[in-house]
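Look over the sequence and the model first, then read the notes below.

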Amino acid sequence: MLTRQLTQWMRHVFTATLISLCAALPNVVQAQATEVSFFYPVAVGGPITKLIDAFAADFEKENPTIKIKPIYSGTYQESIVKALTAMKSGEPPVLSVLLSTDMFTLIDEEAIVDWTSLAKTPEEQQWLKSFYPAFMENSQTGGKTWGIPFQRSTIVMYWNKELFKEAGLDPNKAPANWTEMLNYAKKLTRRDAAGNVTQWGVQIPSSGFPYWLFQGLTTPNNVVLMNKEGNKTYFDHPNVIEALQYWVDLSQKHKVMAPGVIEWGTTPRDFFERKVAIMWTTTGNLTNVKNNAKFDFGVAMLPASKRAGSPTGGGNFYLFKKSTPAQQQAALKFVKWITSPERAAQWGIDTGYVAVRPDAFDTLTMRKYAAGFPPAAVARDQLQYSVAELSTHENQRVTKALNDGLQAALTGTKKPDQAMKDAQREAERILRPYRK
Amino acid sequence: MTNNARQHIHAWLLLLPAAVLLAAFTHYPAVATIWHSFFSTPKGARAAVWVGLDNYLTLIEDPVFWQVLVNNVWFALGTIPLSIVLAFVMALWVNGKIVGRGFLRMAFFTPTVLPMIAVANIWLFFYTPGYGLLEQFTVGFLGLPSHNWLGSQSTALISLMVVTIWKEAGFFMIFYLAALQAIPPVLAEAAAIEGASRTQYLLRVVIPLLMPTTLFVLVNAVINAFRLVDHIVVMTRGGPDNASALLLYYIYDVGFKFWDSAYAATLTVVLLILLGLAALFQFLVLERRTHYQ
């Protein structure tokens with residue numbers, strides 16, 4: 001009887017030890033591996049999640065002490081909501097890809113740390129300088145680098161070569177400046193017997209984030225919309241108003257672009273359906289157009305006015321403050337790894353994003369790809385003329401002031417100069433506290 | 001312990017789970033929202049400070065707030081009566097003995113089960129100028145000039161209202177259908193013996209008997225008029241120039257795009273008051289005129 005009780009007791013002790021051992025085991029492993037959680041949004045078509053997972057797995061194979069945990073976090077907007085609310089409740093991701101324009105917002109929330117102070121070795125310092133300067137404009141302020149370019153894009157012009165031929169235009173020559181674009185568009189706009197338009201000459205979408213497309217007009221018109229400190233805007237500059245007048249005139253005066261606000265999301269479809277001969281959209285749509293256009297198409301830089309130019313766009317890597325030094329070092333290692341020339345090239349080819357550094361275009365993979373598909377190089381060639389996307393303190397609020405003004409002008413409820421003066425007044429009101 | 005006290009404790013214990021949930025997810029957030037609306041937005045190291053009625057003064061001077069409020073009133077006036085009437089007519093129709101009744105019921109109810117985001121993406125292409133389904137009819141068949149439905153200030157909100165009515169009517173129809181089937185057939189027989197016409201029967205018997213359902217549907221419709229904003233995100237994002245922005249959509253903008261949580265709380269207080277007033281009106285005024293069987 002006693003022996004049986006004793007055996008039972010021993011068995012209990014044994015199980016308990018085993019359980020506590022098992023529980024302790026992952027802790028031992030965890031203490032060795034640094035875990036880096038990583039939020040990333042998906043904003044274009046294609047198997048992005050698979051690509052990211054593959055990158056993470058490859059990196060872990062080379063660095064067994066680091067564990068990368070990629071978390072798909074929805075659209076850009078959903079991602080920043082998730083990252084910032086997670087931070088406010090105490091557990092932000094270590095690393096996140098968020099819009100480059102959210103830099104000031106993230107700094108003001110004291111959510112992120114800069115990469116400059118983290119990159120200590122000369123090699124790491126050199127790495128910070130390896131990206132296209134156009135992409136760094138949205139990634140630096142106050143002499144520090146806060147974002148590392150990753151999924152970056154820019155606006156380009158796509159044209160339907162067949163429709164050009166039908167209109168008696170050279171199908172291999174895109175309009176090079178504003179006057180040419182207007183003249184081409186006049187020839188490309190078709191009306192039926194009743195006077196209804198069956199095919200528009202040109203289309204610059206204006207729903208959602210018209211300010212970005214508008215920068216494709218203001219930049220060539222030789223004006224920037226904000227200062228580097230992100231606390232002053234120039235929405236009522238004469239060149240800005242002139243650019244808006246050109247945009248508005250395309251539909252209201254010359255009637256070569258559809259009236260009202262044009263939906264961003266359906267613009268590629270309008271192009272595929274031959275409802276429009278020239279469209280402006282992101283380079284991120286390149287793969288989409290390549291797969292879906294049933295006709296020969298061309299890709300060109302945006303037409304010039306006083307100069308050539310286009311804004312950049314897309315997302316950067318940000319490092320969150322609430323992380324351990326070990327996690328920050330691990331994140332640095334991962335970001336350096338994923339932005340290496342070879343991987344930047346591969347990422348660009350797979351997604352349509354612009355490879356973020358010049359030496360990525362010298363890699364064998366990229367050279368081969370660009371030789372077979374020349375449009376891939378257009379975005380790169382345009383980068384030397386590119387400027388930062390509109391980004392200020394209270395970014396989305398200031399942006400909304402401009403968006404509202406642009407849409408009011410495009411729908412004809414306000415004159416361009418009035419719309420821009422109103423937008424500037426609102427932006428001033430918002431930004432004044434940031435200019436101490 | 002007396003028997004009475006024990007009964008009380010028992011009752012409270014039974015109520016406790018529901019009370020805790022209600023307090024944690026309904027009452028606490030509402031009170032916290034009102035409380036936060038009197039503070040500034042905390043940012044980084046700067047904590048929130050008491051600002052009194054500052055947020056409310058901002059609100060009064062905010063033109064966008066007034067515009068979304070007016071938009072929302074039009075949205076409510078346009079969607080609530082129409083979707084209720086449509087729901088009622090559809091319910092009467094599919095309650096009758098007609099061929100293909102099951103199919104018809106399913107067709108009416110389908111919009112309700114589809115997720116709003118998916119639906120909005122489909123409608124986005126319906127409204128596309130040029131080759132969208134709507135334009136194929138109005139331009140291709142009727143020969144009307146093409147129109148940018150979602151991209152014009154005059155039609156953006158109306159276009160969204162149509163989607164809402166389409167989505168809501170089928171849902172409300174189910175309630176009316178259930179209520180219609182609960183009306184005892186003896187009433188119809190009695191009315192027939194008395195020589196009442198179909199119209200009289202409908203006006204004097206059916207509609208009064210459906211009043212409790214109408215009240216229920218009305219409460220839901222009012223809440224939905226302020227709650228349904230999913231399709232705005234997909235179809236217009238409030239544009240052009242706030243022409244199709246509603247109050248809740250603006251609250252989202254302020255809260256999660258501008259990160260101005262204090263002002264978002266202030267706007268939410270307005271929403272709370274509006275919904276509270278609507279509920280009071282419905283329960284104090286309309287309920288008295290409602291006949292429960």
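How many residues does the contact take from chain B, and how many from chain A? The contact takes 28 residues from chain B and 30 residues from chain A, where two residues are in contact if their C-beta atoms, placed from the backbone, lie within 7 Å. This is a predicted model, in which local features need pLDDT of at least 70, side-chain atom pairs count only at pLDDT 80 or more, and totals for chains, interfaces and linings use all residues. Residues are numbered from 1 along each chain as its sequence is written, while chains are lettered from A and ligands numbered from 1 in the order in which they are written.

- On the side of chain B that touches chain A, the elements that give two or more residues are α5 (116-126) and α12 (247-257) of chain B; helices (H or I, at least four residues) and strands (E, at least two) are DSSP runs, numbered from the N terminus.
- The residues on that side of chain B divide into 12 nonpolar, 12 polar and 4 charged. Ala, Val, Leu, Ile, Met, Phe, Trp, Tyr, Cys and Pro count as nonpolar, Asp, Glu, Lys and Arg as charged, and the others, Gly among them, as polar.

**Chain A overall**

- Chain A averages a pLDDT of 88, and 92% of its residues score at least 70; pLDDT is the predictor's confidence in each residue, from 0 to 100.
- Over residues 21-30 of chain A, pLDDT stays under 50, and the model has 0 contacts beyond four places in sequence for them.
- The secondary structure of chain A comes to 18 helices and 12 strands.
- Along the principal axes, the C-alpha atoms of chain A fill a box of roughly 105 × 55 × 50 Å.
- Chain A has 436 residues, of which 48% count as buried. A residue is buried if 20 or more other C-beta atoms lie within 10 Å of its own, exposed if 12 or fewer, and partly exposed in between, with C-beta atoms placed from the backbone.
- Among contacts in chain A between residues at least 6 apart in sequence, 74% join residues at least 24 apart.

**Domains of chain A**

- Chain A is divided into domain 1 (32-153 + 313-383) and domain 2 (155-311 + 391-434), with bounds that come from an automatic or database domain assignment.
- The centres of the two domains of chain A, taken over C-alpha atoms, are separated by 28 Å.
- In chain A, 22 residues of domain 1 are in contact with 21 residues of domain 2.
- On the side of domain 1 that touches domain 2, α4 (103-108) and α16 (378-383) of chain A are the elements that give two or more residues.
- The residues on that side of domain 1 of chain A divide into 9 nonpolar, 10 polar and 3 charged.

**Strand β9 of chain A**

- Strand β9 (residues 197-203) of chain A is largely enclosed by the rest of the structure, because 5 of its 7 residues are buried.
- Strand β8 (residues 190-191) of chain A pairs with β9(A) in the antiparallel sense over 2 bridges; two strands pair if DSSP finds at least two bridges between them.
- A:R191 stands opposite A:V197 in β9(A).
- The hairpin of β8(A) and β9(A) has 5 residues between the strands, and A:G195 in this hairpin takes a positive phi near 95°.
- Strand β10 (residues 276-282) of chain A pairs with β9(A) in the parallel sense over 3 bridges, and A:V202 stands opposite A:I278 in β10(A).

**Residue B:H36**

- B:H36 lies in helix α1 (residues 3-36) of chain B, and B:H36 counts as buried because it has 21 C-beta neighbours inside 10 Å.
- Not counting residues up to four places away in sequence, B:H36 touches B:S261, B:A262 and B:A265.
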